[in-house]
Amino acid sequence: MTAILSASALMDELAGPRPPALLDVRWQLGGPDQRPAYEAGHLPGAVYIDLDRELAGPPGAGGRHPLPDPEAFGAVMRRVGVCADEPVVVYDGGQGWAAARAWWLLRWTGHPNVRVLDGGLAAWTAAGGPVTADAATPAEGDFKPNPGRSGLLEAEDAAALARTGLLLDARAGERYRGEVEPIDPVGGHIPGAVSAPTTENVGPDGLFLAPQTLRARFTELGAAPGTEVGVYCGSGVSGAHEVLALEVAGIPAALYAGSWSHWTSDPRRPVATGPNP
């Protein structure tokens, strides 16, 4: 099963005998609530999820978007109609970060069939897909989270992986280098991490680059066969998108969910600056 699907493929599945549950995860970093945008028009049958309140715990020592409590996350997923044995497709406004966060959480907590709409709502409408303002009222789902023992990095894991494997920093290059830091208290990167902005995983149309192109990119960054790969970003959102890009490329990777916002919450943790790991 691929981790992404095209708008045309989703249209076919929605018309088929086993249509997926649809989750609308539109979100803007530091921007307004996207529920009004959802209410103005969304994929038919899609249910809105708020990333800040439902795909993350309260901000604090764990970072700006710490992982949600598994039981609370499960309750949200059941409310929006997610079942353990039924496919799920998530989408956002087109950037893909928020949809990837939902994808990663569902996959990490044990859902076997979750994918991201490549290009999000923009790709859907460009392909002639319909939108509606009608509220969706799905039946209660039965999904119960079972968080995995792999796929998630803590701070000490990320630090070790930067020395023994490949730790990718998915933020913009200027934040990695420490030239600017608009959100967190300290600029720079985890020592040993390699800069790999997640924006370079998609083309101008917002669609993921071809799998072979992504694989070539990550291989050049150091993802040789047998190398353990991890990813972090600012708060575990764009990093999930990089994990998704790695999945498309056929390269398994773990996510440091607390990311830079968690790393810099402890002044004892080291910080590197400049263009080099």
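Residues are numbered from 1 along each chain as its sequence is written, and side-chain values use heavy atoms, with hydrogens and water left out. Because the model is predicted, local features need pLDDT of at least 70 and side-chain atom pairs count only at pLDDT 80 or more, while totals for chains, interfaces and linings use all residues.

Start with the rings. Three aromatic pairs turn up in the structure, where a pair means rings of Phe, Tyr or Trp (its six-membered ring) with centres within 6.5 Å. One of them joins Tyr38 and Tyr48: their centres are 5.6 Å apart and their planes sit at 35°, so this pair is tilted (under 30 degrees would be stacked, over 60 edge-to-face). The two partners come from distant parts of the chain, with Tyr38 in helix H2 (residues 35–40) and Tyr48 in strand E3 (residues 47–48); helices (H or I, at least four residues) and strands (E, at least two) are DSSP runs, numbered from the N terminus. Tyr38 has 6% relative accessibility, so it counts as buried, and Tyr48, at 4%, is buried too (under 20% relative accessible area is buried, over 50% exposed, in between partly exposed; 1.4 Å probe, protein chains only).

Charges meet rings as well. The charged end of Arg171 sits over the Trp260 ring, 4.8 Å from its centre, and that of Arg269 sits over the Trp263 ring at 5.7 Å (NZ of Lys or CZ of Arg within 6 Å of the ring centre and within 35 degrees of the ring normal).

As for Gly96, the loop between strand E4 (88–91) and helix H5 (97–108) holds this residue. Gly96 has 10% relative accessibility, so it counts as buried.
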